[in-house]
Amino acid sequence: MANDTRAIKATCLCTAAAHEITLPASAFPFKAIFCHCSSDRHSTGSLCLGIAVLPPEYKAPGAWLEKLQSTEFSKRITHYFCPTCGTMMLARLGGGDGGARWDVCTGALEQIDGVVEVDCHEYIADTVDGGFSDFLQRVDGKQVGRWSGEPGQGEQLPLYWQSSSRPTIQPSPSDKLHAYCRCKGVEFWISRPSKRSAMGKAAWPDVLHPFDSPAPKPKDAVWWLRAGGTKYLAGCCSCDSCRLATGQEWIEWAFVPAVDITLDEAGQVPFSREFGMLKHYRSSEVATRHFCGGCGATVFWDGDERPQLLDIAVGLLDAPEGARAESWLEWRTARLSYREDALPRAKGVTEGVEEGLRGYGKRYQREPQDAAL
Ligand SMILES: [Zn+2]
Ligand SMILES: [Zn+2]
Ligand SMILES: [Zn+2]
C-alpha cells in the first residue's frame with residue numbers, strides 16, 4: 001500500500017504545457033495558501049495568488065519546465081508561465097544546496113476538492129483594505145487563517161481589517177489610477193468615469209445577468225458604470241477560461257471603457273492594443289486575452305463584440321485606498337460569474353467565495369444590487 005501513487009493533471013489554457021503530477025497517495029491533500037502581497041497581485045493580475053504546496057520530495061521535471069517561461073520573482077522565488085497563453089503554473093522557492101520547494105497554482109489543476117486543503121491567507125497587510133481575504137472567509141465551514149505577513153509569524157488580522165493608515169479618498173476628475181504588472185513591461189493609467197464613459201453599447205455580462213438564465217435580458221443599459229456614474233463595475237469570474245488563463249481559481253475584472261485608459265500618466269497617449277510587452281492569446285472565437293510577455297501577468301479580456309469596453313485585471317491596480325480600489329470600483333457581490341464551471345472541481349472555495357462576497361456586500365454596499373440593474 002505504501003507504494004500507491006496518485007496523479008493530478010495540471011494544464012495551461014492553450015494546453016501546450018499540460019503535465020501530470022504523480023506523487024505518493026499519502027502526499028495528498030496539499031496545503032493551499034492565498035498570498036495577497038503586492039508583488040503577487042501585480043504578477044498575476046489577480047487579487048491574490050493561490051498555490052498548493054507540493055511535498056519536499058517533489059521536483060518539477062525538466063520536460064515540464066522546458067515548456068514554460070521562467071521569470072525571477074525575487075532572489076529566492078522563480079515563477080513559471082506558459083509563453084503562448086500566459087498561464088502561471090509553478091513557483092520554485094529556494095534551491096541550490098538546500099533543495100527547492102515547488103508550488104503549483106491551484107487554478108491550473110483539474111480538480112481541487114479532495115486534492116488541496118485551504119490553509120490560510122498570507123501578507124494581508126499589503127492590501128491596505130483587506131483585499132480578497134474578505135471575499136473568502138471560510139471553506140467548507142472552516143475559517144481560513146488570516147496572516148498579516150508570513151504564516152505562523154507575527155499576528156493574524158480580524159475579518160474586515162483595514163490598515164490604520166488607509167487614506168480617505170476625495171475623488172477628482174484629474175485623478176489617474178496606475179495599473180502595472182510586476183515587471184512593468186505593461187503599464188497604463190485609468191481616468192475617473194465621465195460623460196464619455198457612458199457612450200456605446202455592450203451586451204450584459206454574465207456577472208450581472210447569467211447567460212443561461214431563463215429570465216428575459218434587461219433592456220440595454222450603461223451597466224459598467226455604477227454609483228451614479230462615479231465608479232466602474234468590478235466582479236469575479238470563475239469560468240474555466242479565466243481560471244486557466246491566470247492559473248488562479250478566479251480573476252477579478254473591472255469593466256472600463258477604452259476612452260478612459262491612456263498609455264501615459266498625463267492622459268495624452270490613447271489606448272491601443274499594442275504596447276510594452278503585451279502579448280495576445282485568442283481564447284475563443286469571440287475574445288482575445290492579453291498578458292505580459294515578461295512576467296505572465298493577466299492584463300485584459302477583450303471581446304470582439306464590444307471593443308470600446310475592456311475587462312481589466314484588478315490585481316494590476318495601484319489604488320492608495322487598497323487592493324479593492326473602492327474609490328474607483330463597485331463590486332458585484334450577488335454573483336460569482338460562471339459558478340457552474342467552478343462547482344464540479346472546486347465546490348468548497350466556490351461556495352466560500354459566494355458566502356464571502358455576500359457578507360462583504362451586506363457590510364459595505366447598502367443597496368441590493370439587483371434592484372439597481
Ligand atoms: Zn499555454
Ligand atoms: Zn471568465
Ligand atoms: Zn510584466
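**Close-up views of a predicted model**

The structure counts 19 salt bridges, each being a side-chain nitrogen of Lys or Arg within 4 Å of a carboxyl oxygen of Asp or Glu. This is a predicted model, in which local features need pLDDT of at least 70 and side-chain atom pairs count only at pLDDT 80 or more, while totals for chains, interfaces and linings use all residues; side-chain values use heavy atoms, with hydrogens and water left out. Residues are numbered from 1 along each chain as its sequence is written, and chains are lettered from A and ligands numbered from 1 in the order in which they are written.

Start with E330 and R226, whose side chains meet in a salt bridge at 3.4 Å, N to O. Now look for E249 and R345, with their closest N and O atoms 2.9 Å apart.

**View 1. Salt bridges join five residues into a network.**
The members are D134, R146, R166, R324 and E326. Within this group, the side chains of R324 and E326 meet at 2.6 Å, N to O. R324 is buried, with a relative accessible area of 0%, and E326 counts as buried at 14%.

**View 2. Strand β3 is largely enclosed by the rest of the structure.**
Five of the six residues of β3 (residues 30-35) are buried, so the rest of the structure largely encloses the strand. Six bridges join β3 to β9 (residues 116-122), and these two run parallel; strands pair if DSSP finds at least two bridges between them. F30 has V116 as its bridge partner in β9. Five bridges connect β3 with β4 (residues 49-53), an antiparallel pairing in which A32 stands opposite A52.

**View 3. Aromatic rings meet in pairs and in a cluster.**
There are 16 aromatic pairs in the structure. The rings of F28 and F30 have centres 4.5 Å apart and planes at 35°, so this pair is tilted. Rings of Phe, Tyr and Trp (its six-membered ring) pair if their centres lie within 6.5 Å; planes under 30 degrees apart count as stacked, over 60 as edge-to-face and the rest as tilted. F30 is buried at 2% relative accessible area. R6 lies over the face of F28, 4.5 Å from the ring centre; the rule asks for NZ of Lys or CZ of Arg within 6 Å of the ring centre and within 35 degrees of the ring normal. Elsewhere, ring pairs link F34, F132, F135, Y160, W250, W331, Y360 and Y364 into a cluster.

**View 4. Three cysteines coordinate the zinc ion (ligand 2).**
The SG atoms of C237, C239 and C242 coordinate the zinc ion at 2.2 to 2.3 Å. Donors are N, O and S atoms within 2.8 Å of the metal (3.2 Å for Na, K and Ca); water is not among the atoms, so sites may look incomplete. The donor residues are spaced C-x1-C-x2-C in sequence. C242 is buried at 3% relative accessible area.

Notes: Buried means under 20% relative accessible area, exposed over 50%, partly exposed in between (1.4 Å probe, protein chains only). Helices (H or I, at least four residues) and strands (E, at least two) are DSSP runs, numbered from the N terminus.
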